[in-house]
Amino acid sequence: MSGGNGTQDDPWLISTAADLKALADYINSGNAADCDADADVCGGIGNFHGYYFKQTADIDLQGAAWNPIGYSDNAGACFSGHYDGDNHVICNAISSGLTDNGYTSAGIFGFVWNGSVSNLHIENVTFSATGNGNYAFAGGLAGTVYASEITNCSVSNSKISSNTSYNNNNCAGGLVGYSIGSTFSKCAANNNIVTSTSYSGGFVGEQDDDYEGVDASKFVDCYVAGSTVNVSAPSSNGFSMAGGFCGEVTNDVLDLTNCFVYDTAISVTADNNAVLNSVGTFAGGLYTNTHTTPPYYATVTTNNCYYGKVTLTPGSNPDTIKDTSTEKTAEEFANGTVANLLGEAFTNGNGFPILGSSPANYTAVDAALAEANELDRTLYTDLSAVDTAVANVVRGYGIARQSEVDAMAQAIRDALEHLTRKGANYADVDAAITKANALNKDDYTNFAAVQAAIDAVDRTKDITKQSEVDAMAAAIQ
């Protein structure tokens with residue numbers, strides 16, 4: 001780690017890809033099984049339960065051999081701490097996950113158990129989980145979350161997939177593959193491709209609260225946009241459920257408040273062999289337990305939820321998938337109508353509502369920093385203004401502070417624009433002129449050429465034009 005003591009006031013700091021990998025390796029090795037700040041003795045939840053982590057910089061996992069942070073409750077290798085991304089990004093990870101007893105988990109986090117993840121944004125990752133005869137869980141943020149809290153997190157521009165050799169036992173979601181008794185607030189899945197051979201969801205592959213001792217899952221101020229969700233079962237005994245928000249709801253209620261699905265294509269592959277298949281805007285399938293008395297039917301509850309530009313292939317069965325969401329036009333999504341209806345958590349974005357807690361766009365800052373870093377510092381008289389502007393860049397701002405981020409970029413550009421180059425070295429020119437002035441012009445028949453060379457001297461050249469100044473000296477010589 002890059003510092004800290006693991007407490008809430010002094011969290012362990014994650015600043016580099018090496019720090020992140022060290023956390024994953026330590027948990028996955030089983031060494032964190034007894035690490036529990038809230039337990040009087042060993043044997044509590046473990047795996048950093050009650051400990052805190054904070055990410056202090058964007059982390060690029062390009063080229064890294066990535067394994068998820070935690071991957072199994074059975075192996076005692078799950079993440080149970082509190083991870084605060086501080087509105088930073090983790091990007092470019094590629095992984096097929098880790099497997100325990102035939103169960104594979106893939107994501108930045110493989111298995112989050114009684115923990116939390118907040119203020120973390122995942123970009124351009126590719127995760128694929130293939131279960132060896134059992135479940136496969138894949139999500140851009142996490143393969144599985146159990147009795148955990150996920151707040152202000154997002155996954156964008158990513159590819160998530162899952163499949164198994166056994167029917168009905170895999171799920172893939174833009175944010176999370178498999179959710180049990182967890183709460184999600186201010187989270188987004190945008191511009192992702194999600195595929196599976198059982199349950200695919202733009203946000204979560206499967207919600208299953210049919211476990212003793214867990215609270216009902218809830219989703220507040222969350223959305224899916226610009227995504228593709230597809231499912232195809234390889235066996236005629238399989239189930240195929242694809243939902244814009246959730247693929248399969250098992251034995252409980254998909255409870256959504258202030259959520260939306262926009263510009264998303266949801267489909268079951270045309271040559272799909274599943275004995276059961278369905279698609280839906282918010283839920284692809286609702287599990288019915290006919291072995292209880294009376295039978296239990298999963299349902300969808302949508303409170304102030306909306307959808308638009310959603311395609312379903314084939315069309316959903318309205319008698320099976322029911323909710324109270326409202327369809328809105330593309331114009332209403334783009335002009336702020338839907339953002340206003342959703343409430344204060346949202347602001348109008350580029351074509352659809354976005355969360356005010358979403359990370360600000362630092363593209364202009366990064367471009368200005370790149371220009372500053374490419375400067376040849378030997379050419380300028382004073383770079384203090386540039387150095388100050390660069391030092392004043394603060395990462396991790398939300399989009400509500402975009403104007404401040406834009407001002408950081410402008411400050412760097414202004415400092416660059418007002419740089420003054422060092423003057424060229426005229427010592428050889430001055431020496432040649434001194435030599436010429438020491439001559440008696442009347443002693444020569446053709447002194448006019450010397451005088452012309454002297455008159456042609458231009459004193460405005462900076463250090464980048466040194467070769468031209470040297471040519472002036474040579475001309476006099």
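Y199 counts as buried because its relative accessibility is 6%, where buried denotes under 20% relative accessible area, exposed over 50%, and partly exposed in between (1.4 Å probe, protein chains only). This residue lies in strand β20 (residues 199-201); helices (H or I, at least four residues) and strands (E, at least two) are DSSP runs numbered from the N terminus. The model is predicted, with pLDDT of at least 70 required for local features and 80 or more for side-chain atom pairs, while totals for chains, interfaces and linings use all residues. Residues are numbered from 1 along each chain as its sequence is written, and side-chain values use heavy atoms, without hydrogens and water.

Helix α5 (residues 384-391) packs against helix α6 (residues 402-417) at an angle of about 170°, and their axes are 8 Å apart. Axes are lines fitted to C-alpha atoms, for helices over the stretch in contact, with angles from 0 to 180 degrees between N-to-C directions. The angle makes α5 roughly antiparallel to α6 (over 145 degrees). A385, V386, A389 and V390 of α5 meet A411, I412, A415 and L416 of α6, contact being heavy atoms within 4.5 Å.

The buried residues of α6 are Q402, V405, M408, A409, I412, A415 and L416. They cover an arc of only 160° around the axis, and therefore lie on the same side of α6; the arc is that of the directions from the helix axis to the C-beta atoms. Their cover includes α4 (363-373) and α5. Exposed residues S403 and E417 are on the face of α6 turned away from its buried side.

Technical notes: Angles under 35 degrees count as roughly parallel, over 145 as roughly antiparallel, 65 to 115 as roughly perpendicular and the rest as oblique.
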